[in-house]
Amino acid sequence: MATVAPGRASTEPRYRQLGLSDYEYELILERLGREPSPVELAMFSLMWSEHCAYKHSRRLLRRLPNTGPHVLLGPGENAGAVDVGSGMAIAFKVESHNHPSAVEPFQGAATGVGGILRDVFAVGARPIAVLDSLRFGEPGQSERSRYLLERAVAGIGHYGNSIGVPTVGGEIYFESSYEQNCLINAMCLGLAPHSRLIRSAAAGPGNVLVLLGALTGRDGIGGASVLASAELGEGDAEKRPSVQIGDPFTEKKLLECCLELLDGELLVSLQDLGAAGLTSASAEMASKGRVGLDIEISNVPLREPGMAPFEIMISESQERMLCVVEPERVGAVLAVCERWETLATPIGQVTSGDHLRVLNHGRPVADLPVHVLVDDCPLYDLEPVEPENGIYPASAPVLHGGEPETQVLLTLMRSPNISSRRHVFEQYDPVVQSRTVRRPEQADAAVLQLGDGSAIAVSIDGNGRRVACDPRRGAAEAVYECAANLACVGAEPLGLTNCLNFGNPEKPHVAWQLTEAVEGLAEACEALGVPVVGGNVSLYNEAPTGPILPTPVVGIVGKLPDAETAGRLGFARAGDAIALVGPYDPAYAGSELAKLRGAHVGGELPAVDLQALRAAHAAVREGVRAGRLVSAHDIAEGGLAVALAECCVAGGIGARLTLPGGFDLFGEAPGCGFVVSGPPEALAGFTIIGEVGGEALEIEGRLKLSVSELQAAYECGLPDLLERRC
Amino acid sequence: MKVGVIRFPGSCDDIDAQQAAARVGEAVLLWHRERDLQGVDAVIVPGGFSYGDYLRAGAIARFAPVMESVAEFASDGGLVFGICNGFQVLCEAHLLPGALLANTSLRFVFRQVELEVVRNDNPFTATCEPGERLSIPVKHTTGRFYAPDDQLDALEQRGQVVLRYAPGNNPNGSVRDIAGVCNEARNVFGLMPHPEHAVDALTGSTDGLKLLQSIAAHARQPAAAA
Amino acid sequence: MRARILVRPKEGILDPQGQAVERALPALGFEGVANVHIGRLIELDVEDPSRLPEMCERLLSNPLIESYEIEEAAK
């Protein structure tokens, strides 16, 4: 079987080779009352893998708040969904595809996008936007990381552009700890009338199980358990056959087909096939519906001849969906599928009782009580232990401490984590579907009009370095920064999705990071009243050199009542006043400057005045909505100086500012501070710090740089590192 | 005026084109398998990735049943407007000269570019002035216009080069900065930029509207092309 | 017959893919490489090989920008 790595002792029991522990296998024997068949063993190995079962995180995730007045679908469905008014809903989710992308970045990233798209249209929503959060090793030092970045971006563009869903935002970070374990997190939003939202629970004994979409081949056999639950080591080249290959053209047809089936009310339930393919899709559908399922695998249309039953059940061939259809509707379903050139094959039926049976020409090759496969998977408690010392190496210093502040600012502007991502986002189509009101670099969040005059906003944010300093505060900061991005365009958060990217949770220090980070996320969500409607966990992101920085990534969707008033980040008019808004108390620890100075990863992150933070977010949001603020930009990496420089570059105009002596220009406090501009009378009540105008950014007594020089540093930083002509 | 927007499997900007065209008249979708053009005054072949761009962009779409009707419609003088993938389809169908090749950068590029109107003696740029600049976005991987030199000379001489990328704005290496061309009879037109994404100030520029308004104005006149 | 069709970019047309590969090979330590061009390979079983040129002209290649070569492949 493809899951056996060469050199490993073939005397190891098969269940061990498939990634099950002795304890888990004993549990299977006990619950079944017998030994599992080979097909059943393969099914258990995937359903009970970390990637599918969330063994180490499920208990922890219950801490996250998931209810709220706008929530329509919460965690547990293919995607979460919130009400956005006018009878419309936005379904959204973020998912990781880290391990496949480290092996084959183009297809790994592409199929990551494909997978999250399917999760969204599986609940009946038309995908209207994609965002991606990417993390790699240092581009200046690692050719491999430059290669991964270029290929992952090409893969995301290939899939998203081809299927006609705009990529409207994202983030990219570079840290040496991601060198062996890149992070590819893809987020998708979809739009649906409430009436079209559908759940995945199978129902109605006698109803027909229909498989839609691509042929089933050997893609990703064993992928879920082999790749996602094991730390990457040597010899992962032979894991390449496990990587899935995506086809956006097939998915485009599948998408249109599914939406037409739903509009015609022809389906009882719908589920996409992702990790663990037919096994997990059928098991989840049966489990949620508290029914049984019979699957006749000889009916499954195959791409390759002679596939074994277990291969058919765990294949991760892309672009497939499973649906339940009432018998009298099957003909209509097949007709819609034919019109959209989408293969549709009845492969089984819903049964009363609670067994998932896999038949091969009528002969059972698997017969499992659904609850044993889905619910009886053991969950593990983490054993967190706070590390005494920092566990991440410091970066090589680029600045040494004596430089003038002009040089510090230019170095930050061209640094890989701050400089413009234009080279990347120009490879994505941000406008298809004609909803995009704010494109990348126009504002802090993407804004998409809904057609009734209102709009939704979305941003995706995370920061591994700061979470490594203090997981609880760092994770909370990710939520505050994301919400701040939404405030800058005038949007109020409605719901949050998160992807938790961490190392090996069986190691106590990582367990501590994970536990603290989830607590921080929960606290921040409670403080802002934002429910978590779904998400994803990616563990075991670890190399022999150690775990990745603990990296919770959050995506928040919000709403603004009037699309015309959506905010922008650039200064616009000479004479506008500039103000600093919020409980902004910047600190050096965990900042980009600290990284460039080669500081160790650690230190105390600033505490947050929650009441003042909420007030500041509201003030900025209201100011943008009312049209009082010409621009709004939250202060993030690089601190106030970088935020001001970004506003100048975006607007093509300078600014003159006066700050109190000794003000920390480069310290950070994510989510707590905003730079806004507007007519002086509109900014009454804020702390005015200067005025828009001229051709330079000038902070009195501190620094003066021409906008063109700042722009050159900002625009050429990343391209220069990637050795592209700038 | 009634516009028909073709829908192939894989078309992406079909609904966008329909919505944009609805600003200047009635706009319907024409399914690729249907030969009935529903009496439209103009046909738009939209952007996207018809048939996954398999083999060559537009190579398979050009043989769709609806394209037989479009070819007839064009030879009868009907207006045909190809955008991006639509331009590729029309070149493959030999309704327009030249071919579209991979961008010199070999990467997909989205960019708001400035176009220069070369001439307005056709139904597609009639509401523009020669030399006028239009701000319209491009988004493609295979947008480099090519024709052999002798054919290019003939195109220019016959007034078939309608739009060029303004200096410094060529995003894909198109020869002679050519962004849009028409056929000799001036009733079939193709361009790589997307005017349907430049019709609403809320989402970008409105310069693309001028092309649609030109078609609408032409459709309202008594028949007979230039 | 099992036919193999090689489709190449026409002589004289800019081939940026070929150029990119030509630049990449020396960087990997392969010297003495020039004149790289990248095309497409199509293989098919065909009952009437005499129709292959027409297939190439109409669909499998674009004669304005590509040249094609038909050969018989071992089945």
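What does the secondary structure of chain C come to? Two helices and three strands. Keep in mind that you're looking at a predicted model.

**Chain C on its own**

- Chain C is more spread out than a compact globule, because its radius of gyration is 15 Å, well over the 11 Å that the globule rule gives for 75 residues.
- Picture a box of roughly 45 × 30 × 15 Å along the principal axes: that's what the C-alpha atoms of chain C fill.
- Take the contacts in chain C between residues at least 6 apart in sequence: 69% of them join residues at least 24 apart.

**Where chain C meets chain B**

- Here nine residues of chain C are in contact with nine residues of chain B.
- On the chain C side, helix H1 (residues 16-27) of chain C brings the largest share, with three residues.
- Sort that side of chain C by class and you get seven nonpolar residues, two polar ones and no charged ones.

**Where chain B meets chain A**

- Two pairs of chains are in contact, and chains A and B are the pair that shares the most contacts.
- Their contact takes 20 residues from chain B and 22 residues from chain A.
- On the chain B side, helix H1 (14-21), strand E6 (109-117) and strand E7 (133-140) of chain B each supply at least two residues.
- E6(B) gives the largest share of that side, three residues.
- By class, the side of chain B that touches chain A has nine nonpolar, six polar and five charged residues.
- What about chains A and C? They do not touch, and their nearest C-alpha atoms are 12 Å apart.

**A buried strand in chain A**

- Strand E22 (residues 577-581) of chain A is largely enclosed by the rest of the structure, since five of its five residues are buried.
- In a regular strand, side chains alternate between the two faces of the sheet.
- In E22(A), Ala577(A), Ala579(A) and Val581(A) point one way, while Ile578(A) and Leu580(A) point the other way.
- On one hand, E22(A) pairs with strand E25 (residues 674-678) of chain A in the antiparallel sense over five bridges, and Leu580(A) has Val675(A) as its bridge partner there.
- E22(A) also pairs with strand E26 (residues 687-692) of chain A, again in the antiparallel sense, over four bridges, and Ile578(A) stands opposite Gly690(A) in E26(A).

Technical notes. Residues numbered from 1 in each chain as written. Chains lettered and ligands numbered in written order. Predicted model: local features only at pLDDT ≥ 70, side-chain atom pairs only at ≥ 80, totals over all residues. Rg over C-alpha atoms; globule rule 2.2 N^0.38 Å. Contact = placed C-beta atoms within 7 Å. Nonpolar A, V, L, I, M, F, W, Y, C, P; charged D, E, K, R; others polar. Buried ≥ 20, exposed ≤ 12 C-beta atoms within 10 Å, placed from the backbone. Pairing = 2+ DSSP bridges.
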